[in-house]
Amino acid sequence: MKTGIVDVGGGLRGIYAAGVFDWCLDQKILFDLCIGVSAGSANVVSYIAGQRGRNYRFYAEYSFRKKYMGIGRFLLKRSFIDLDYVYGTLSNSDGEYPVDYQKVAESTSEMLIVATDARTGRVKYFDKGDIKQDRYDILKASSAIPFVCHPYDVEGIPYFDGALGDPVPVQKAFDCGCEKTVVILTKPERELRTSNQDEKFARRIQKKYPEAAKALRERARRYNEGVMIASEYAKKGCALIVSPDDTCGVDTLTRDKEAMDRLYKKGYQDAEKIHHFIES
C-alpha cells in the first residue's frame, strides 16, 4: 500500500506540522510520498532526511533573528523573509544546521515540492531531481509569499508560493497512486480561509505579475475546496486530516516563542492518530 503525507504550510504555523513529523520520526513511520507546500516544503525535506528537531529549531529559534525575517530585511532586500539565509546560509553543508542531503537523495520516499509560476499563475510540482547539495532553490520558490517576498527564480523562471497553485494537494497525492494520505493543516479543519489579505497582496503584484495576482485571489477558494476534498476522502477512510483545534495565537508571521512551543506540542500529540490510520 502506497502512503502519502501532505503538509500545506502556513508560515510560522508550520511548527505544528514540525511536531507531527517529529512524532512520525520517533515512531519510525516513513511515507512513500511526501508533498510540501510553502513552509511545508522545508518540513518535508528535514523529515525525509530523518533530522528530528531540525524544523523546530528553525521556527522557534532562527526565526527570531533579524537576518531571518523582519522589516530590516524588507528595507534591505525588499523581502520580509530572507529565503537565501534560511535555505542557504543556514541550510547549506557549511551552514549552522545543514540539510542532510545525502539521506534525502538516498531515501526511498518520493518528494514533491509545490510552487507557482509567477508569469502564468500555474502550479509547478518539483521533485527530487530538482534539488541538489547546497542548491535548495525549489524550497525558496515554494516559500516565496507574494509581496512579502520577491518571486524566486529557478532556472530562470520566477516562482511564488505553492499555495497559489495548489494549496491543499491531496488530490495530487491520490493521482500519484497513494491509497492512504495524511493531510496536515496548520489551522482548524473547519476554519474557512478568506481572501481579504490575499486581495491586498494581489493588488501589490498585479502590474508585474497579473496571472499570479489572479491565482492569489483564487487561493482562498482553492484552499477551502481542497479541505473539502480531503474531508470526502476521509469519510471513505482514504485520508486523515491532522489539524489543530486552535493555533495558540500563532499566525503566518507571528513570532511568539511560548505560543509556538504550545502549537508544536499540539502537533506532536495530534499525530498519534496517524498510527491507527496507517495500520487499519
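Helices here are DSSP runs of at least four residues, numbered from the N terminus. The model is predicted.

**View 1. R219 in helix α10.** R219 sits within α10, which spans residues 210-235. Its relative accessible area is 11%, so R219 counts as buried, the cut-off being under 20%. Beyond its neighbours within four places in sequence, R219 contacts A163, L164, P167, R193 and D198.

**View 2. Helix α9 against helix α10.** Helix α9 covers residues 196-205. The axes of α9 and α10 lie 8 Å apart, at an angle of about 175°. The two helices are therefore roughly antiparallel, since angles over 145 degrees count as such. From α9, the contact draws on D198, E199, F201, A202, R203 and I205. From α10, it draws on P210, A212, A213, L216, R217, R219 and A220. By class, the residues of this contact are 8 nonpolar and 5 charged, with no polar ones. R219 of View 1 is among the α10 residues here, and D198, one of its contacts, is among those from α9.

**View 3. Helix α2, enclosed.** Helix α2 runs over residues 39-48. Of its 10 residues, 10 are buried, so the helix is largely enclosed by the rest of the structure. The buried set comprises A39, G40, S41, A42, N43, V44, V45, S46, Y47 and I48.

Methods: Residues are numbered from 1 along each chain as its sequence is written. This is a predicted model: local features need pLDDT of at least 70, side-chain atom pairs count only at pLDDT 80 or more; totals for chains, interfaces and linings use all residues. Side-chain values use heavy atoms; hydrogens and water are left out. Buried means under 20% relative accessible area, exposed over 50%, partly exposed in between (1.4 Å probe, protein chains only). Contact means heavy atoms within 4.5 Å. Axes are lines fitted to C-alpha atoms, for helices over the stretch in contact, and angles run from 0 to 180 degrees between N-to-C directions. Angles under 35 degrees count as roughly parallel, over 145 as roughly antiparallel, 65 to 115 as roughly perpendicular and the rest as oblique. Ala, Val, Leu, Ile, Met, Phe, Trp, Tyr, Cys and Pro count as nonpolar, Asp, Glu, Lys and Arg as charged, and the others, Gly among them, as polar.
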